[in-house]
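Let's take a walk through this fold, stopping at a few spots along the way. Have the viewer open and follow along.

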Amino acid sequence: MNYLSVDSLTKTFGEKVLFENISFGIEKGQKVALVARNGSGKTTLLKIITGQDSADSGEVVINKDISVAFLPQEPEFENINYVMDYIFKGDNAILKAIKKYEASIKAYEEDPSDKNLDLLNEATAEVDNLNAWDFEVKVKQILDKLKISNLDQDVKLLSGGQKKRVALSRVLIEEPDFLILDEPTNHLDLDMIEWLEEYLSKQNLSLFLVTHDRYFLDRICTEIVEIEDERVYKHKGNYSYYLETKSEREVQMTKEVEKARNLMRKELEWIRRMPKARGTKAKYRVDAFDDLQEKAKGPGKKDGLQLGVNMARMGKKVMEIKGLNKAFGDLKITDDFNYIFKRKERVGIVGKNGVGKSTFLNMLTGTEQPDSGIIDNGETIVFGYYTQAGIKLEEGKRVIDVVTDIAEVMPLADGSNLTASQFLQLFLFPPKTQYSLVSTLSGGERRRLYLLTILVKNPNFLILDEPTNDLDLLTLNVLEDFLLNFGGCLILVTHDRYFMDKLVDHLFVFEGDGQIRDFNGKYLEYRYQEEEKERLEKLEKEEKKKVPQSKTDTQSNSKKKLSYKEQKEYEELEKEISKLEEQKEKLSSKINSGEITDHLALQEISEEIGKLMEEIDEKSMRWLELSELA
C-alpha cells in the first residue's frame with residue numbers, strides 16, 4: 001500500500017533552488033531516511049509533506065486511510081498550557097480516558113475524599129470498558145523512558161530539550177500508521193536514543209525521518225532518499241550500503257562529465273567555425289551541443305572539505321584539576337574531583353541529562369566558578385569552546401563579515417594562509433552564500449558558521465558541547481577528519497555515538513551525586529560493560545526471588561499497607577478467580593456428562609482445564625500475598 005507520493009516537487013527561496021522536480025514514494029512498512037547537505041531543504045520538504053509549507057510546483061499525496069504524526073525540529077506549543085494537555089491532545093477515546101484516569105489519580109492522592117474516589121472509580125471503569133490498561137502501561141513506559149514526570153508543568157517553563165522530548169512522547173503515544181520525524185535524537189541523552197532506536201526498529205510502522213545519527217540510520221532505516229544538486233537519488237538498504245552506492249555513483253558520474261567535457265571541446269570548435277547560415281543537419285547538431293553543454297556542467301568529482309587549521313603552540317603543562325567541588329543546593333555536580341590533562345588527550349563525556357556536564361565544562365573555561373578546588377591552566381592554553389548557548393550571530397550581518405571580524409587571514413598547519421573567503425568555501429559556503437545575510441541561513445548552516453568562528457581562533461584545547469546537532473552528514477565526516485588530525489586536547493559531549501567512538505580514547509562518566517568515573521575505552525565498549533552489569537544484576541535478583549521468605553520478612557510484609565493499585569488488583573483478583581473457577585466447572589461438567597465421546601475433543605478440554613487450574617493457582621498465590629498485606 002502506498003503511504004506517500006511526492007511528484008515533480010520544486011521549491012525555491014528567491015534565487016536559491018532547494019530542489020527541482022523531485023519525485024519519490026514510501027510504501028507501508030518502509031523506514032526511509034532523508035539525507036542532504038545543510039541548506040538543501042530537508043526541513044522544508046518535511047513541512048511541505050505535512051502541509052505546513054507549500055511547494056512552487058508539484059504534488060504531495062498522503063493516503064487518506066492512514067493516520068500520520070509529525071515531529072518537527074522545533075516543536076510549537078501554541079494555545080497549550082500544560083504538558084498533559086499537549087501529550088493527550090486529540091480525539092482518540094483511549095487517550096482521553098487515560099488522561100482522565102491520570103488526572104483523577106493525582107486528585108485522589110492530593111485529597112482522598114469520597115468525591116475524588118468516585119471520580120477515580122468512574123475513570124477506572126472507563127479505561128476498563130475500553131480495554132486500555134495495556135495502552136496505559138505503554139504510555140507510562142514512553143513517558144518514563146523520555147524522563148517526563150511532571151504532567152502538570154507549564155509548557156512555557158520547558159527548555160528546548162524538554163519540549164522536544166514532550167513532542168516526541170506525543171507522536172509515539174499516538175501510534176500512527178506513518179511517522180515523520182525531523183532530527184528525533186536531538187536533545188536526547190544516550191540512554192534515550194538507544195531506547196528509541198530499539199522501540200522504532202521493533203514497531204510495525206512506516207517511517208520517514210531526517211537524522212544525522214549514523215548508528216540510528218544504520219539500525220533502523222531500510223532505504224535512503226538523498227537530495228543532491230537539486231535532484232533526488234534513491235538507495236535501497238541502510239546507511240552503510242548507501243555510502244557504497246553513492247561512491248560508485250559519483251565515480252560513474254565523474255567519468256560521464258569528463259567524457260562530456262572532452263566531447264564539448266571538439267563540438268565547440270565546430271560551433272565557432274560553422275557559418276551563420278545553418279542547414280537542417282547543423283540545427284540538430286547545435287541542439288545536441290546544448291544538451292552536451294548542460295551535461296558537462298554536472299558536478300563531477302567533488303572536493304572534500306579539508307581542514308588543516310594551524311594550532312596555537314601548547315606547552316608541557318596543560319591543565320591540572322585539584323579537589324573540584326560544585327553543587328546547586330542538593331544537586332552535586334562534582335565531589336572532590338582530581339585530574340591532570342595531558343597533551344593530545346581526547347575525552348568523551350557521558351551521563352544523563354541534568355547531571356551537570358555543561359556546568360563542568362563551564363568551570364573548565366572559567367565561565368562558571370567552582371565552590372572550592374583549583375583549576376590550574378598552562379600558560380599557553382587557548383580554549384575553543386563550542387556550545388549551543390554560544391550560537392549568537394547577528395542576523396543583519398553578512399556571512400563573510402562574521403569571519404573577517406575575527407580574522408581576515410587564517411594560517412594553516414603547512415605554513416600557508418587562506419583568506420576569509422577561501423576558508424568559508426572550505427566550510428561549504430560558496431561565494432554567493434558568503435554575501436548573504438545570517439538571517440537567511442538554515443539551522444545547520446548557522447552551526448557550521450559558528451563552528452568556523454571557533455576554529456579560526458587557532459585553539460589548542462577544544463571543548464565541543466553537542467557540535468553535531470543539525471549538521472549534515474558531509475560536514476560531520478569532514479569535522480571528524482579535522483579532529484582526528486587535531487594536535488591539541490579535545491573534550492567532547494555528544495549524543496552521536498558514532499562521532500564519539502571515532503574520536504575519543506576514554507570517557508568521563510557522570511554517574512550523579514558528584515561522582516565522575518574515568519572509563520578507559522570507547523562508548524560502545526562502555527555500553528557493553530553496562531549491559532553486562534545489568535544482566536548480572538537481573539540474574540542475581542531472580543536468584544534471590546527463588547529463596548523462600550524468612551519468617552521475619554513475612555512479619556515485616558504484614559505491617560505494610562496496600563497501595564491504591566494493589567488494593568484494586570486485590571479486588572480484581574477475587575472476581576477473576578471466581579470466573580476461572582466457573583469456567584473450570586463448566587468444562588468438568590461437559591466431560592462428566594458423557595455427551596462428548598470424541599477422543600480428541602476430550603483431550604482438548606482436559607488440556608484447557610489444566611491451563612485454567614494453573615492460572616487459578618497463580619492468581620490465588622498472588623491473592624494470598626495481597627491478603628496478608630491487607
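This is a predicted model: local features need pLDDT of at least 70, side-chain atom pairs count only at pLDDT 80 or more; totals for chains, interfaces and linings use all residues.

Start with α5, which runs over residues 133-145. Its 13 residues reach 18 Å from the first C-alpha to the last, close to the 18 Å expected at 1.5 Å a residue. Now colour the helix by burial. Phe135, Glu136, Lys138, Val139, Ile142 and Leu143 come up as buried. They sit on the same side of α5, because they cover an arc of only 160° around the axis.

What do the buried residues of α5 pack against? Their partners are α2, α3 (93-110), α6 (160-173) and α7 (190-202).

Next, hop over to Gln73, in the loop between β5 (68-71) and α2 (83-87). Is Gln73 buried or exposed? Gln73 counts as buried because its relative accessibility is 17%, and the cut-off for buried is under 20%. Leaving aside residues up to four places away in sequence, Gln73 touches Thr43, Lys164, Asp182, Glu183 and Asp470. With one of these, Asp182, Gln73 also makes a side-chain polar contact of 3.4 Å.

Last stop: Pro431, in helix α14 (residues 431-434). Pro431 has a relative accessible area of 45%, so it is partly exposed. Ser421 is 10 residues away from Pro431 along the chain, and their C-alpha atoms are separated by 7.3 Å.

Notes:
Residues are numbered from 1 along each chain as its sequence is written. Side-chain values use heavy atoms; hydrogens and water are left out. Helices (H or I, at least four residues) and strands (E, at least two) are DSSP runs, numbered from the N terminus. Buried means under 20% relative accessible area, exposed over 50%, partly exposed in between (1.4 Å probe, protein chains only). A polar contact is a pair of N or O atoms within 3.5 Å; within protein, one must be able to donate a hydrogen and the other to accept it, and residues adjacent in sequence count only if both atoms are side-chain atoms. Contact means heavy atoms within 4.5 Å. The expected span of a helix is 1.5 Å times one less than its number of residues. The arc is that of the directions from the helix axis to the C-beta atoms.
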